[in-house]
Amino acid sequence: MKSILVAYLLWLLGGPFFGLHNFYLVSPFMGLLYIFTCGGFFLGWIADFFTLPHQVQMANFLLHQHERPSSAVRREIEHLKYLLYRRLAGDPRAATPAWRESLKEKVKPRFTDDELMLQLLRAAQKHGGRLSVTQGVLETGVLFGEVERVLQSMVKSNYVYMDNDPATGVIVYVFKEIF
């Protein structure tokens, strides 16, 4: 944490010729400029008298931001994980069990496409090698758009072909090797 008092002392004692306050405020380029121009021909040195509190504030802000952005984010994530863990573990301060189940559903990890294909293959095996999008959603818990997208990619790869269910007319995906 940079101090305004120290910055003003350095400004007064070594400012116009050496730019010590600039080095203190982690602005080495300005410090070198002060050395080579005698404090910006004394004009910069005089202007710094009025702007030094703001410069100290900015230096503190930048030092804080520069030193710990990742640790601050990490700390916040760990705190959120702790709160989530407490909620899912049945903390007595948590809300109703229905709320807990809803939260579990929201934080459930997403399948990769390959994992979803495997889940759909297992679901098709349960349904005799024929699977509608709705059945895929019910079996995997993944949204309709994702299930349909993966099934369409399986059709393009010739693992599956599309057909209509003779009784309902619904589009079904037929898994050739299972059917």
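Which residue in β3 does L131 stand opposite? L131 stands opposite Y173 in β3. The legends below start with the whole model and then move to close-ups.

**Figure 1. Overview of the predicted model.** This is a predicted model, in which local features need pLDDT of at least 70, side-chain atom pairs count only at pLDDT 80 or more, and totals for chains, interfaces and linings use all residues. Residues are numbered from 1 along each chain as its sequence is written, and side-chain values use heavy atoms, with hydrogens and water left out. The protein has 9 helices and 3 strands. Helices (H or I, at least four residues) and strands (E, at least two) are DSSP runs, numbered from the N terminus. Along the sequence the pattern reads α-α-α-α-α-α-α-β-α-α-β-β. Of the 179 residues, 26% count as buried. Buried means under 20% relative accessible area, exposed over 50%, and partly exposed in between, with a 1.4 Å probe and protein chains only. Among contacts with a separation of 6 or more, 44% join residues 24 or more positions apart. A contact means heavy atoms within 4.5 Å.

**Figure 2. The open sheet of 3 strands.** The strand order is β1-β3-β2, with antiparallel pairing. Two strands pair if DSSP finds at least two bridges between them. The edge strands are β1 and β2, and each pairs on one side only. Between β1 and β3 there are 2 bridges. Strand β2 (residues 160-164) is joined to β3 by 5 bridges. Here Y161 stands opposite V174 in β3. The hairpin of β2 and β3 has 6 residues between the strands. In this hairpin, G169 takes a positive phi near 80 degrees.

**Figure 3. Helix α7 against helix α8.** Helix α7 covers residues 113-126, and helix α8 covers residues 133-140. The two pack at an angle of about 110 degrees, with their axes 9 Å apart. Axes are lines fitted to C-alpha atoms, for helices over the stretch in contact, and angles run from 0 to 180 degrees between N-to-C directions. The pair is therefore roughly perpendicular. Angles under 35 degrees count as roughly parallel, over 145 as roughly antiparallel, 65 to 115 as roughly perpendicular and the rest as oblique. From α7, the residues L116, Q119, L120, A123 and K126 meet G136, E139 and T140 of α8. These contact residues divide into 3 nonpolar, 3 polar and 2 charged. Ala, Val, Leu, Ile, Met, Phe, Trp, Tyr, Cys and Pro count as nonpolar, Asp, Glu, Lys and Arg as charged, and the others, Gly among them, as polar.

**Figure 4. The buried side of α8.** V133, G136, V137 and T140 are buried in α8. They cover an arc of only 100 degrees around the axis, so they lie on the same side of α8. The arc is that of the directions from the helix axis to the C-beta atoms. Their cover includes α7, β1 (130-131), α9 (144-156) and β3 (171-175). Just after α8, G141 takes a positive phi of about 80 degrees.

**Figure 5. Helix α7 against helix α9.** The axes come within 10 Å and cross at roughly 85 degrees. These helices are therefore roughly perpendicular to each other. D113, L116, M117 and L120 of α7 make the contact with E146, V147, R149, V150, L151, S153 and M154 of α9. The contact residues divide into 7 nonpolar, 1 polar and 3 charged.

**Figure 6. G31 in helix α3.** Helix α3 spans residues 28-41 and holds G31. G31 counts as buried because its relative accessibility is 0%. Leaving aside neighbours within four places in sequence, G31 is in contact with F18, G19, N22 and F23. G31 and H21 are 10 residues apart in sequence and 7.6 Å apart in space, C-alpha to C-alpha.
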